[in-house]
Amino acid sequence: MNINHQFLGLCHVRAGGLIGFAPALIVGLFAGGNVAAQDVIEEIIVTAQKRQQTLQEVPVAVTVVTANDMQQAQMLDIKDLQSIVPSLRITQLQTTANTNFIIRGFGNGANNAGIEPSVAVFVDGVYRSRTASSLADFPNLERIEVLRGPQSTLFGKNASAGVISVITAKPDMQKTSGSASITLGEYSQVIVKGNVTGPLSDTVAFSLSGSVNNRDGYYTNLVDGEEYGERDRWGVRGQLLFQPSDKLEFRLIADYEEIDEVCCGVANLVDGPTGVAIRLIGGDLVSNQPFAYANFYDFNPVNEIENNGVSLQIDYDFDAVTLTSITSFRNQSRFENSDVDFTSARLINPNSSDTELDTFTQELRLASSGDGPLDWMIGVFYFDEEVEISNVLNYGVDFRAYTDVLTGGGVTLLETTLGLPAGTFFAAGQGNFETAGQDNQATSIFGQVDWHMTDRVTLTLGANYTEDEKDAFVGMLNTDVFSSLDFVSIGFAGAFQALTGLAPTPANIAANPGAAALAQAISVEPCPPATALPCNSLLALQPLQFLPPFLDFPNAVESGSSSDDDVTWTVRLAFDATDNVNLYVGASTGFKATSWNLSRDSLPFASDFSAILAAGLGLPNLATGFRFAGPEDATVYEIGLKARFERGALNIAIFDQEIEGFQSNIFNGTGFNLQNAGKQSTTGVELETTWLPTNAWKLSFAATWLDPKYDVFKNFVFPDGLEQDLSGTTVPGVHEFSMNISGVYNFDIGASTSGFVRVGYIYEDEIPIIENVPGNIASREVSTVNASIGLQWDNGFEAMLWGRNLTNDEYLLSAFPAVAQAGSFSGYPNEPRTYGLTLRKNFD
């Protein structure tokens, strides 16, 4: 009896709930009899090139994760993919939705709705434009394909680093079946799942699936006991399959899901000089303990996400060609509010973001279906999306006291000196009220030809032309009085009056040019002075001007529009060395369009600054920076080998990949710097192998070796405002070596029971995490063990006992300079050990 059946239920339980079950299960596993046979490597069908091919023959670096793999490895959602795919890293940051997908060290897209990911996610052929739209628990899946390297020829824009393609199970036209499962796990987790599918008539079938996932958190707010890192999500998905003839098929899919979670825990890595100020005003934080899994917060975060959509796929077989149409409408709504200072001092409240995206996509393609020497495909893809954002960032009731402690009463003294009412500066409720948005239309025309030059040699040529147009805007109401002060002008006025005894009126300045020149020199001289001149002590207060006046765009100088176009291509030569061994060599390019900074951190380009001043648009403390990051252009050169034998398979890819204009978006302590890195490259090797030493055993090994570099990255801005050239340095956050090892033992107990034992090990070597946090403060090394034990009976009942991170390995997901706390650093710790029990019943 083969145990390669699906365990759709998933779980977590406190120890007491497992005590009675675990010994009986383990005894049963090793008490019995015959071995479940898996005597050959299963042939896997993929659609990595938008047509059905075997994994063996497709000349693309692709990892396939089957439904059975996911269930045995206790993979709940897309973030868990990295436990099987070593080239993939998925990192959750300060909120549920702010999640980055990275393949081969390339990827971005979190913390700003204007930035589309470099790793494109498709679900049943429908593009999900932001990571937040693909984070829910998996529905009833068939497989997931992870395509590594640029894939823009067939998948269009925003696939410059790779593609994650999720394929769900179609409705069953033959019989009615379904399943129901419950999972009980640690942290009081309860997951309930169910699905049913079957025919409604000879030509129509349906499927319906749903899930609810609730779990307490593992990271404690020491102020009120609230637990962060919880799960509170549910979703439903329905499909109708209509096959009026053997040539025509309609597949209608509708889905809806909600996430409402308290996330995420942030640890203090270094309690710098500002920690004293936090405590003096009555706040607190857990100092210098990355893995305390507890901290002090003055309010709890809100993470609310709603995703819904409908898609219709139509396939018509004209004998020689097949026409495919995929139409989709999707909506995503997000509301987030976070205590971003990550202390119990009420420095910031609220820091909220309300985002809505409405997306329409349409794809049409024709693909040959004959048996001649040419397999070809042509198509067009249209994308239309509207983004609306409303952000609020206000000072809390403790921020004024905090600034007075930092300046030794300097803020209050300045207020008095300027004759302003007490409490004018940093009053609670002052801050930014922001509206932003973007309209984006893109069109791609693509085609690919496979020329079977001989029975064993195939030449692939493909090209894609994409046009992408965006109209963006950001408007800001700023009520921060302190940040609107021009300390240079104030310093000039004070110095001129001290030198001349006269008020700094235009007439007096014109009549005293020598004094005016000296006053100007004094006004820009920080204290302590570097020269014999007197200095301007007010300049020391500039680091506290966190929210300076914002220049809205579009305006008379800045259009707020971008228009990009690009031709991407693929050239690949594949050679079937034997019936079991395939070799390929190729090159391809990728494209990602301009990303606009739709936030308060968006600043005019230096090249526009003179025109802005000439147009009378200058504002106090208006700085220059980046409104947007220009397009990414990716190129990869790759050779590969794919071998499949009766009891084993081996895939190897050797590549040299680079991205010109990589869109970097890194937090500097008060905001995000979105800018283009000149060039980032990675040379690497990927290896995947599977071996069946006996009918009972399946052993898998996957590893990735990378050499990531910033070939060119000038003008990187550190938290202190200094710029540094990172060209020639190693890219932080990218492991040079990572591997996954797993072993599955299949067995039978008597004639009616089968089972498996699976153990997996994940290792990633130690690396610094991010550019602007020293490696001795924030580095990451991963060494994790996952395991599961399952039984299945002929009556359709299944049980699985599982554990993730059984070694309770502790490591940081990411790190950053602490918000408005110079000299302090914060980080995101990983999830601790979890375990649970899943019970499932299949119905036929």
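Is Asp 284 buried, exposed or partly exposed, and what is its relative accessibility? In this predicted model, Asp 284 counts as partly exposed because its relative accessibility is 26%, and buried would mean under 20%. Its salt-bridge partner is Arg 279, with the closest N and O atoms 3.5 Å apart. Arg 279 is partly exposed too, at 35%.

Now take a buried pair. Arg 840 forms a salt bridge with Glu 798, and their closest N and O atoms lie 3.2 Å apart. The pair joins distant parts of the chain: Arg 840 sits in strand 41, Glu 798 in strand 38, and 42 residues separate them. Arg 840 counts as buried because its relative accessibility is 6%. Glu 798 is buried as well, at 0%.

Lys 157 and Glu 116 form another salt bridge, at 3.2 Å between the closest N and O atoms. Each sits in a loop: Lys 157 between helix 3 and strand 9, Glu 116 between strand 5 and strand 6. Both residues are buried. The structure holds 38 salt bridges.

Next, the cavities. The search finds 17 of 30 Å³ or more.

Finally, the surface. A nonpolar patch there includes Trp 451, Leu 374 and Ile 654, and the whole patch has about 660 Å² of accessible area. Trp 451 lies in strand 23 and is partly exposed, at 42%.

Terms used: Residues are numbered from 1 along each chain as its sequence is written. This is a predicted model: local features need pLDDT of at least 70, side-chain atom pairs count only at pLDDT 80 or more; totals for chains, interfaces and linings use all residues. Side-chain values use heavy atoms; hydrogens and water are left out. On a 1 Å grid over the protein atoms alone, a cavity is a set of points where a 1.4 Å probe fits but cannot get out, and a pocket is an open set with protein on both sides within 12 Å along at least five of seven lines; lining residues have an atom within 4 Å of a point. Grid points are joined across faces, edges and corners, and a volume is the space filled by probe spheres set on the points. Patches are made of residues with over 30% relative accessible area and no salt bridge: like charges are joined within 9 Å, nonpolar side chains (Val, Leu, Ile, Met, Phe, Trp, Tyr) within 5 Å. Accessible areas come from the Shrake-Rupley method with a 1.4 Å probe; for residues, only the protein chains shown count as cover. A salt bridge is a side-chain nitrogen of Lys or Arg within 4 Å of a carboxyl oxygen of Asp or Glu. Helices (H or I, at least four residues) and strands (E, at least two) are DSSP runs, numbered from the N terminus. Buried means under 20% relative accessible area, exposed over 50%, partly exposed in between (1.4 Å probe, protein chains only).
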